[in-house]
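Student: Could you take one part of this model and walk me through it closely? I'd like to follow how the pieces pack against each other.

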Amino acid sequence: MSSSRRSRQASSSSRINDDQITDLISKLRQSIPEIRQNRRSNTVSASKVLQETCNYIRNLNKEADDLSDRLSQLLETIDPNSPQAAIIRSLINE
């Protein structure tokens, strides 16, 4: 078998089909609170699901950054050798 033929087969086997896309969109619908709370979540378009997913991920990243900042501020106010400081440092570094 030629390498170009193998390459085409490998790339086509890694592609996802329409059923897999539908399944992934359905899983996202169930995972995103803003969509899941909508009574008609099954009628939300795939593009809206993807848009809400991106917004949700951005918000999660912002929340994580905010929490990290708050932990850093807290760390500055306590004894750096205390067990609490070690816990906070471990949370920040994760």
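Tutor: Let's start with helix 4 and helix 5, whose crossing is left-handed. Keep in mind that this is a predicted model. Helix 4 covers residues 46-76 and helix 5 covers residues 83-93, and the two pack at an angle of about 155° with 10 Å between their axes. An angle over 145° counts as roughly antiparallel, so helix 4 is roughly antiparallel to helix 5. If you want to click on the side chains, go to S68, L71, S72, L74 and L75 on helix 4, which touch A85, I88, R89, L91 and I92 on helix 5. Sort the residues of that contact by class and you get 7 nonpolar, 2 polar and 1 charged.

Now for what the record says about this stretch. An unreviewed UniProt entry puts a "coiled-coil region" at residues 50-77.

Helix 4 has another partner to look at, and that's helix 2. Those two pack at an angle of about 50°, again with axes 10 Å apart, and that angle makes helix 2 oblique to helix 4. The crossing of helix 2 and helix 4 is left-handed. On the helix 2 side the contact uses I25, L28 and R29, while helix 4 brings in A46, V49, L50 and T53.

While you're on helix 2, have a look at K27 and D23. They form a salt bridge, and their closest N and O atoms sit 3.3 Å apart, inside the 4 Å cut-off for calling one. Both residues belong to helix 2, which spans residues 18-31, and they are 4 residues apart, or about one turn of the helix. With that cut-off, the count comes to 3 salt bridges.

Notes:
Residues numbered from 1 in each chain as written. Predicted model: local features only at pLDDT ≥ 70, side-chain atom pairs only at ≥ 80, totals over all residues. Heavy atoms only, no water. Axes fitted to C-alpha atoms, helices over the stretch in contact; angles between N-to-C directions. Parallel < 35°, antiparallel > 145°, perpendicular 65-115°, else oblique. Left-handed = near helix turned anticlockwise from the far one by under 90°. Contact = heavy atoms within 4.5 Å. Nonpolar A, V, L, I, M, F, W, Y, C, P; charged D, E, K, R; others polar. UniProt positions renumbered as here; feature names shortened; annotations may be inferred. Salt bridge = Lys/Arg side-chain N within 4 Å of Asp/Glu carboxyl O.
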